[in-house]
Amino acid sequence: MQFVKLGEDEDGDPFGACYVEPGKPEDAVLTVKRPKEKGPPGHAKADLDALGVVIGDKGHKVRPFGTEGPEVTAVDRETIREEFNRVWAADGADEKARSDAKRKAFKRGEEWASSRRLTASREVGRQHLVWLLKDADP
């Protein structure tokens, strides 16, 4: 943008007009940096991995919303938690501290996957079933 002085006002201050000087088309390209989409955090990866392992081994077809609902391959949430606990390394002064750290990490992983609509869950009978909603490779 350029300024062209056209004169001075009664106080002696310059006045004028601005204009845009035409340039090359490549000069007009605006580069916008977008934040890089991050993958899932470690606890979410571990949760999704544990779900994948146990669904392959112990998953069963079920209609969690009744006979008219969709059929999904689901697994009991506690089975996922057991697999998660086998692979998640947790620090702590004693077993209780490590157990609490694993419990919290499992919960965060579940919440992350659920909030992104990668997994769904529902209590059916005495089990809390979990299943994948779509390809869990975010």
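Modeller: A residue is called buried when its relative accessible area is under 20%, and exposed when that area is over 50%, with partly exposed in between. Please keep in mind that this is a predicted model.

Colleague: OK, so is Val 62 buried or exposed?
Modeller: Val 62 has a relative accessibility of 15%, and because this is under 20% it counts as buried. Val 62 belongs to strand 3, which covers residues 60–62.

Colleague: How far apart in space are Val 62 and Leu 129?
Modeller: From C-alpha to C-alpha they are 9.3 Å apart, although Val 62 and Leu 129 are separated by 67 residues in sequence.

Colleague: And how much of the chain is made up of buried residues?
Modeller: Of the 138 residues in the chain, buried residues make up 26%.

Colleague: Let's step back a bit. Which elements does the chain have, and how many?
Modeller: The chain contains three helices and six strands, and if you follow these elements from the N terminus on, they run in the order β-β-α-β-β-α-α-β-β.

Colleague: What do strand 1 and strand 2 do with each other?
Modeller: Strand 1 and strand 2 pair in the antiparallel sense, and there are six bridges in this pairing. Together they form a hairpin that has five residues between the two strands, and in its turn Gly 12 has a positive phi of about 90°.

Colleague: Which residue is the bridge partner of Glu 8?
Modeller: The bridge partner of Glu 8 is Pro 14, in strand 2. Pro 14 counts as exposed, because its relative accessibility is 51%.

Colleague: How far is Pro 14 from Val 4?
Modeller: The two residues, Pro 14 and Val 4, are ten residues apart in sequence, and their C-alpha atoms are 9.7 Å apart in space.

Colleague: Switching to the surface: which residues form the negative patch?
Modeller: The negative surface patch is formed by Asp 9, Glu 10, Asp 11 and Asp 13. If you want to find one of them, look for Glu 10 in the loop between strand 1 (2–8) and strand 2 (14–19).

Colleague: Is Glu 10 buried or exposed there?
Modeller: Glu 10 counts as exposed, because its relative accessibility is 75%.

Colleague: What about a nonpolar patch, which residues make that?
Modeller: Val 4, Leu 6, Phe 15 and Tyr 19 make a nonpolar surface patch of about 370 Å². The elements that contribute two or more residues to this nonpolar patch are strand 1 and strand 2.

Colleague: Where does Phe 15 sit, and what is its relative accessibility?
Modeller: Phe 15 is part of strand 2, and with a relative accessibility of 41% Phe 15 counts as partly exposed.

Colleague: New topic, then: how many salt bridges does the structure hold?
Modeller: The structure holds nine salt bridges. One of them joins the side chains of Asp 100 and Lys 96, with a distance of 3.1 Å from N to O.

Colleague: Why are Asp 100 and Lys 96 separated by about one helical turn?
Modeller: They are separated by about one helical turn because Asp 100 and Lys 96 are four residues apart in helix 3, which spans residues 95–115. Asp 100 counts as partly exposed at 23% relative accessibility, whereas Lys 96 counts as exposed at 57%.

Colleague: Which residue forms a salt bridge with Glu 111?
Modeller: Glu 111 forms a salt bridge with Lys 107, and the closest N and O atoms of this pair are 3.8 Å apart. Both Glu 111 and Lys 107 lie in helix 3, where they are four residues apart, or about one turn of the helix. Glu 111 is partly exposed, with a relative accessible area of 45%, and Lys 107 also counts as partly exposed, at 46% relative accessibility.

Colleague: Last one: which residues are linked in a network of salt bridges?
Modeller: Arg 77, Glu 78, Arg 81 and Glu 110 are linked in such a network. Within it, Glu 78 forms a salt bridge with Arg 77, in which the closest N and O atoms are 3.9 Å apart. Glu 78 is partly exposed, with a relative accessible area of 37%, and Arg 77 counts as partly exposed at 21% relative accessibility.

Methods:
Residues numbered from 1 in each chain as written. Predicted model: local features only at pLDDT ≥ 70, side-chain atom pairs only at ≥ 80, totals over all residues. Heavy atoms only, no water. Patch = residues over 30% accessible without salt bridge, like charges linked within 9 Å, V, L, I, M, F, W, Y side chains within 5 Å. Areas by Shrake-Rupley, 256 points an atom, 1.4 Å probe, with all protein chains shown as cover. Salt bridge = Lys/Arg side-chain N within 4 Å of Asp/Glu carboxyl O. Lys, Arg positive; Asp, Glu negative; His and termini not counted. Charge placed at Lys NZ, Arg CZ, Asp CG, Glu CD. Buried < 20%, exposed > 50% of the residue type's maximum accessible area, 1.4 Å probe, protein only. Pairing = 2+ DSSP bridges.
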